[in-house]
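Thanks for coming. I have one model to go through, and I will keep to local details. Please have a look at the screen first.

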Amino acid sequence: MAGDWLEATTFGIYLGAITVTYISLVLGYRLFLHPLRQYPGPFLAKLTDAYAGYYAATMDIHIKTRLDHLRYGPILRHGPNKLIFSSPKALQDIYLNERLSKSYAYQFTAATPGVYGVFNVIDKHRHRFKRKLVGQAISERSMKIFEPVMSEQIDIFLQVLFSSSESQDIVNMTEVVKRFTFDTVALLAFGRPLKTQTESKYRNPIQAQTAGNHRSNIFLQFPFLYKTKIFNFLELFASDQAFAYYNAIETMIASRLAEARDIRHDLYSIGTRACAGKAMAYAKASLLFAKVFWYFNFERPAGELGSLGAAA
């Protein structure tokens, strides 16, 4: 017995020493020998992706990244192998460069391994094909046809704000905007009115979508966490929410496929081409701002301009 205990203890000591040595070598390399070592950034971010992963988990990654840029400059090392740029030139050089592709971490955001969409597909040829499939639905021409439907959703959105302004209750604008966006996208994609702005029946899928986006962002910032498969266990506790989400999507698809192709203007009624997203964003923004400025009066608040919270 004593011999077995001594052997186990010795093995544990050796294993611990090897582990400590390995971690020390990895951290030392990332600090002093890594090709990105000369770029500024938070000390912990240079050592591990857990830095960004933590702020992604707390949903503060956008705020922390902005603060880090203010402290360290326009080129920021936000992970051992990650640089973040904040300049117009970098925007052009990165997103208009055919030699660059998305990070390998995007593959970890897929709800079903191996099944990728426009957002997370890495291969440029596959991305181009998928973008063309949905591109025409949100082209400039398509948005002009869809404008009356979008305008109707904006009217509902403004009515919700009007109703809220008549009460003393605090309004969570994040949730209100999510419902507005979800209804608009559902109408464009499937031609189905979910009415989440005014009814609660289909609001659970919004929560499921939000949780999925949160999960994906954590994996993007901290890919190692995906490899631990810990989320596979945690997601068992959210199975009802996930089922409700996928059931709603399947219902919308089945309902739309059962109808004639040209019964309404949506994703299923048109073909392929154009750049996804840009025209829809422009159309929604222009309509929304036009209606907001028409219905609401704006006054300059008291206090010095440029000071957050300075108004009396």
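Lys195 sits in the loop that runs between α8 and α9, the latter covering 204-221. Helices here are DSSP runs of H or I with at least four residues, strands are runs of E with at least two, and both are numbered from the N terminus. The model is a predicted one, where local features need pLDDT of at least 70, side-chain atom pairs count only at pLDDT 80 or more, and totals for chains, interfaces and linings use all residues. Residues are numbered from 1 along each chain as its sequence is written, and side-chain values use heavy atoms, with hydrogens and water left out.

Most residues other than glycine have a negative phi. Lys195 has a relative accessible area of 44%, so it counts as partly exposed; buried means under 20%, exposed means over 50%, and partly exposed is in between, with a 1.4 Å probe and protein chains only.

Met59 also has a positive phi, near 60°. Met59 belongs to the loop between α3 (50-57) and α4 (61-72), and is partly exposed at 47% relative accessible area.

Next, helix α8 itself, residues 173-190, which contains Thr184. Thr184 is buried because its relative accessibility is 0%. Where does a polar atom of the Thr184 side chain find a backbone oxygen? That oxygen belongs to Phe180, at 2.8 Å. A polar contact means N or O atoms within 3.5 Å; within protein, one must be able to donate a hydrogen and the other to accept it, and residues adjacent in sequence count only if both atoms are side-chain atoms.

Now the rings. There are 8 aromatic pairs in the structure. Rings of Phe, Tyr and Trp (its six-membered ring) pair if their centres lie within 6.5 Å; planes under 30 degrees apart are stacked, over 60 edge-to-face, and the rest tilted. One of the pairs is Tyr54 with Tyr55, with centres 5.0 Å apart and planes at 80°, so it is edge-to-face. Tyr104 and Phe108 are also edge-to-face, at 5.9 Å between centres and 90° between planes. Of these two, Tyr104 is partly exposed at 45%, while Phe108 is buried at 9%. Tyr104 and Phe108 belong to one aromatic cluster with Phe219 and Tyr226.

Last, Lys102. Lys102 lies over the face of Tyr106, 5.2 Å from the ring centre, and over the face of Phe119, at 5.6 Å. The criterion is NZ of Lys or CZ of Arg within 6 Å of the ring centre and within 35 degrees of the ring normal.
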